[in-house]
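Please look through the sequence and the model below before reading on.

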Amino acid sequence: MIDRIEVELSRHLKPMVAPSYLWARVQTAPRAKARKPRWLLWPAAAAVAATTALCYFNVQSDSTSSLAKAAFRELASGSEALDFRSSDPVEIRAWIEAHTGLDIPLASAHSVHLIGVTLLRNSPCMVCVSYRIGGEKGELLVARGGSGGPKHPLIQRTSFRGATVTSWAAAGQIYAIATSMESPHSACILCHLDPKRSSTPTPAG
Amino acid sequence: MVLDGAERELVESCQRGEREAFRALFELYKDKVYSIALRYTNDESCAMDIAQDTFLKLFSSIRDFRGHARLESWLYRLVVNSCLDHKRRRRRLLPFVGQFLEELRFSGESALHKLLQQELSEQVRSAVAGLPSEQRIVIVLRYTEGLSYEEIAEALGCSKGTVASRLNRAHSILERRLARLAKEEGGSGDRQN
């Protein structure tokens, strides 16, 4: 019976020729959001800089805290629904950048198995990168906000129901990792091939 | 680099932004992309959306393609992701009732035979369309594109064992759903001989 099904499937699912107007559709389709020239943003950035500076410390704390909660929820939900499924850090980084403008410098570490990305929120953008290390699942949530520097001192770490959520800010983005791994530092290899040698320090414990 | 000479040259031309190279890349893969999308969705309009989306992704991300995998494998991953993305957004339609009624207007044996063939094809495709998405994409890559287990595993980012298990489960489901259909078609085939 299986042989018969294989024959039927090959017969009824055979390849087709694409319609001739597909190329026209591809050409006229709206392109993915191009990155805006940064100089256009400077006047606006200057205008809001003072206000931002005043609000900064309060907002940063609130943002990371809500991101941390969202990270915990993602881990607890155990959802497998992804908007983009890939184990390739380059593909994942490109997809996130194309869809949100966020840049997450994921590294290629053998011990990390990337699963994919979920776009949790469009405006402001919040993405979740799902991964596994040694069979344990982790969720990395990223949103825009936080400090502008490349370094990311630890802002907060909390444990709840066997999960640890670590959140920090770096380079204008805020991050939160939720994992049930005993050592949350193992997640550092998501972005740092060798945390000890990396020029960008990992969240300190 | 695992690309052969011509493929590498084409990719490099695309990475330089040469328009003709994009067109050549499109011509090379349009039927594959469209076929996978059509067999996955069983809907021409959805297939066009997916094919368009796949090529837009391909063109916008070709700069990042380093050639560590074959271009075709990379393209399969793009189209698979587009299919899975689309599945989350789509609404189910009932597109075949009108076509069925249209066919009933014709009379004569050849029209009836054509109708039966189309109905058979449609039932097979509908049975495939009713599979869970992870099994359906495996079926499409296997029977529309004729990919090996290894190639499917590469496109989906999973192991060969997972591919084998999904195919196995899909076959079992289709076996149940198509058992009656296969029997009926066997009967009609006997009559023709």
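## A pair of strands

In strand 7 of chain A, A:Ala178 is the bridge partner of A:Val165. Strand 6 of chain A and strand 7 (residues 173-179) of chain A pair in the antiparallel sense over seven bridges, where two strands pair if DSSP finds at least two bridges between them. The hairpin of these strands has two residues between them, and A:Ala171 takes a positive phi near 50 degrees there.

Because seven of the eight residues of strand 6 (residues 163-170) of chain A are buried, this strand is largely enclosed by the rest of the structure. A residue is buried if 20 or more other C-beta atoms, placed from the backbone, lie within 10 Å of its own.

## The chain and the model

This is a predicted model, in which local features need pLDDT of at least 70 and side-chain atom pairs count only at pLDDT 80 or more, while totals for chains, interfaces and linings use all residues. Residues are numbered from 1 along each chain as its sequence is written, and chains are lettered from A and ligands numbered from 1 in the order in which they are written.

Chain A has four helices and seven strands, which are DSSP runs numbered from the N terminus (helices are H or I, at least four residues; strands are E, at least two). Of the 205 residues of chain A, 31% count as buried.

## The contact between chains

The contact takes 29 residues from chain A and 33 residues from chain B, with two residues in contact if their C-beta atoms, placed from the backbone, lie within 7 Å. Helix 1 of chain A gives the most to the side of chain A that touches chain B, with seven residues.

Notes: Buried ≥ 20, exposed ≤ 12 C-beta atoms within 10 Å, placed from the backbone.
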